[in-house]
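Dear colleague,

Please find the structure below, together with its sequence.

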Amino acid sequence: MPTTTRAAVVESGGAPFTLSDVVLDEPGPHEALVRMVATGLCHTDLGVASGGLPFPLPGVLGHEGAGVVEAVGPAVTGVAPGDHVLLSFTSCGDCRNCRGGHPAYCATWLPLNLLGGSRADGSSTITRGGEALGGHFFGQSSFAERALADERSLVKVDPDVPLESIAPLGCGVQTGVGAVWNVLKPDTGSTVVVLGAGAVGLSAVMAAALTPAVRIVAVDRVAERLSLARELGATHTVDTSTTELGGALAGITDGQGADGVVETTGNVGVLRQGVDALAARGTLVVVGAPPFGTEVSLDVNGLLGGKRIVGLTLGDSETQTMIPALVRLVKDGRLPLHRLIGTYPFGDIDRAVQDMRSGKTIKPVLTF
């Protein structure tokens, strides 16, 4: 049976989130109905809400959901009613990258997650007054009291861990962690630089602190965030509001450069500085996403020392393996994610948006 629920709807690009009753379709063969307990707010949600991406509006966003399964479709085998789950991105499960353990690079990732607004067959998951809304965002659209989620978006998690404490693992945290663990893979004694100390950047700092890297450098323009970065594992910080980045990194690395850089700001000028700061055979991971079509100029001869620039989506994570491991680290206190989170009742979503944009809260989590 279809389910009526309350959702935060974006009516048009640049409009605020408006609470509205919507109707969820009954679960398809590989879908589950999830009662939301918490969902993280991410800059990707704000980018789509602003009209910066061609997602169909009016629509329901949200892609860091956490909740309890209420019902499942007839072909679902991985979860059952009553299971605690995190909601992450979806994928086809059958293309070469999915079969190879890289579902974040699914051949149909963009339409299934970010742009399509509907199931792969074009059918709608959410309606209002009989009219289809943009939905199926990251296979979930979790800015609602209940969400209709793809089975491949769902990860069963330990029911003893509060869901509001781990909701951000679905996107931002696994992105930062995966940049370090899945791409940089720091060797003993290496130097990791994280450009930007927001939720993704600070997740990368925490991940680097669990590796053999001996220098972990956090870079930002906000002193409070740099102070927090030190508490989370950074050995050095650079405040670019007062210090020139290239010279500071040269000093920290004794002129050798960084073995790995994680670029989270989406600023191409910062990206270029990160590439220039790489050591021979160093790698820069591009995480921050500027507007589509943005280009960056690079010194080609400067790349010939074996430097690599790698783009990244969602940490290149295989969610069924990565997310339970991160949940265990949170539970054991080794990934202090609570230091980033500020919780807001679902009805205060616009206040959460304002606090995120102003920098007051690093990672807002909406609770139901």
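**Surroundings of Thr175**

Leaving aside residues within four places in sequence, Thr175 is in contact with Val200, Val287, Leu312, Leu314 and Gly315, where contact means heavy atoms within 4.5 Å. This is a predicted model, in which local features need pLDDT of at least 70 and side-chain atom pairs count only at pLDDT 80 or more, while totals for chains, interfaces and linings use all residues. Residues are numbered from 1 along each chain as its sequence is written, and side-chain values use heavy atoms, with hydrogens and water left out.

Thr175 belongs to helix α4 (residues 172-184); helices (H or I, at least four residues) and strands (E, at least two) are DSSP runs, numbered from the N terminus. Its relative accessible area is 7%, so Thr175 counts as buried. The term buried stands for under 20% relative accessible area, exposed for over 50% and partly exposed for values in between, with a 1.4 Å probe and protein chains only. A polar atom of the Thr175 side chain lies 2.8 Å from the backbone oxygen of Cys171.

**Surroundings of Thr3**

Thr3 is found in strand β1 (residues 3-10). With a relative accessible area of 17%, Thr3 is buried. Not counting residues up to four places away in sequence, Thr3 touches Val22, Val23, Leu24, Leu33 and Arg146.

**The six-stranded sheet**

Strands of a sheet pair through backbone hydrogen bonds, either parallel or antiparallel. Here, six strands form an open sheet in the order β13-β12-β11-β14-β15-β16, with parallel pairing; two strands pair if DSSP finds at least two bridges between them. At the edges are β13 (236-239) and β16 (308-311), each of which pairs on one side only. From one strand to the next, the twist averages 15°. Axes are lines fitted to C-alpha atoms, for helices over the stretch in contact, and angles run from 0 to 180 degrees between N-to-C directions.

Strands β11 (residues 191-195) and β12 (residues 215-220) run parallel and are joined by five bridges.

**Aromatic pairs**

Rings of Phe, Tyr and Trp (its six-membered ring) pair if their centres lie within 6.5 Å; planes under 30 degrees apart count as stacked, over 60 as edge-to-face and the rest as tilted. This rule gives a count of five aromatic pairs.

In one of them, the ring centres of Phe55 and Phe137 are 5.2 Å apart and the planes stand at 75°, so the pair is edge-to-face. Phe55 lies in the loop between α1 (43-49) and β4 (59-60), and Phe137 in the loop between β8 (131-132) and β9 (146-150), so that the pair links distant parts of the chain, 82 residues apart. Phe55 is buried at 5% relative accessibility, and Phe137 is buried at 0%.

Trp109 and Phe138 also form an edge-to-face pair, with ring centres 5.5 Å apart and planes at 90°. Trp109 is in helix α3 (residues 109-115) and Phe138 in the loop between β8 and β9, 29 residues apart. Trp109 is buried at 11%, and Phe138 is buried at 4%. Ring pairs link Phe55, Trp109, Phe137 and Phe138 into a cluster.

Yours sincerely

Key. A polar contact is a pair of N or O atoms within 3.5 Å; within protein, one must be able to donate a hydrogen and the other to accept it, and residues adjacent in sequence count only if both atoms are side-chain atoms.
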